[in-house]
Amino acid sequence: EGDGVTYEFVPLPRVVDVVRSLHPDVIHLHGFIFPIAIWSIARAFRGVPLMIQDHATRLPHGFRRLLWGKVCQSVDAVAFTSREQSLPFYESGVFRSDMKLFEILEGSSFFTPGDRDAARRRNGIGGDPCILWVGRLDSNKDPLTALDAFERAAPSLPDARMWCAYREAPLLGAVRERIAASPVLSERVTLIGERTYDQMEDLFRASDFFVQTSHFEGSGFSALEAMACGTPALLTDIPSFRRITNDGNAGSLTPVDDSVALAQAMVLWAAKDRLRMRHAAREWFERGLSFDSIGRDLRSAYETLANTGRSSR
């Protein structure tokens, strides 16, 4: 138990019995990918409002879409990082048109700002600006677009450096070939590979900007970690990133797969007051992305559901 929250770790077959013993006012389940479990909970607690929270769910097809539509008839509310992410589910009929929708982040970060220069000395990275890429080297994260953008921006940013941290890397070969084929990238881009959780906090602190070129994200934990450290994020214009950057007021948003626009953003943001941007990024994190912010959003959702009660479906 901590911060007023009691945790119960139980085998799946005992979940219904344990939940029943707690006499819940609201039930909050995470993820849509186990529709039979959702159906079982809904049947067992017909008088209790039930909310399901999305975790980067893709709209299913065929039989699974029909199954989800049937199961979700018994769900009272859903939570997504961004309202826009839920639209395909409503438009396809998987969700009822009257199902309540809440915008709630999947998670946040305990990272904090720190001394940038000290972090650079510890990690051996730098640049003006120092640009950090974090993510899988795969087609969704799209590192090749980030490299193209950096190469385009480089003539206007002669002292810029890019550092790439990653774990899974199915495109590592293609990334290495792209870097090797460019004198600019070969000189100024460094693949630093995997780092520990604590080391990642230091990398964010050391960086002037965080770049991610994702095509799809449920939320974007690396972006949240960057903002927690006060590191402005240059991101693709997708629903979850619009939420994380406060619709572009606390970070940059450029179209997916658009290296020209991202290069322009790199140059534009490099010319801004970086200390002011770091303060603005952290201020928005505390106000709209922190665990306290998520807690307020969850409490508001729970109170709304508890006051309106369970649907009769």
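Biologist: At what angle to β4 does helix α4 run?

Modeller: This is a predicted model. Helix α4 covers residues 83-91. It lies across β3 (77-80) and β4. Its direction makes an angle with β4 of about 150°.

Biologist: In what order do the four strands of the open sheet stand?

Modeller: The pairing in this sheet is parallel. β1 (27-30) and β4 (100-103) each have a single partner strand, so one side of each is left without a neighbour in the sheet. The twist averages 25° from one strand to the next. The order is β1-β2-β3-β4.

Biologist: Which are the edge strands of the six-strand open sheet?

Modeller: Here the order is β7-β6-β5-β8-β9-β10, with parallel pairing. Each edge strand pairs on one side only. They are β7 (189-193) and β10 (251-254).

Biologist: Over how many bridges do β5 and β6 pair?

Modeller: Strand β5 spans residues 130-134, and strand β6 spans residues 161-165. V134 stands opposite A165 in β6. The two strands pair in the parallel sense, and the bridges number five.

Biologist: Which strands does helix α10 touch?

Modeller: Helix α10 (residues 221-228) packs on the sheet. Its direction makes about 170° with that of β8. The strands touched are β5, β8 (209-212) and β9 (233-236).

Methods. Residues numbered from 1 in each chain as written. Predicted model: local features only at pLDDT ≥ 70, side-chain atom pairs only at ≥ 80, totals over all residues. Heavy atoms only, no water. Pairing = 2+ DSSP bridges. Axes fitted to C-alpha atoms, helices over the stretch in contact; angles between N-to-C directions. Contact = heavy atoms within 4.5 Å.
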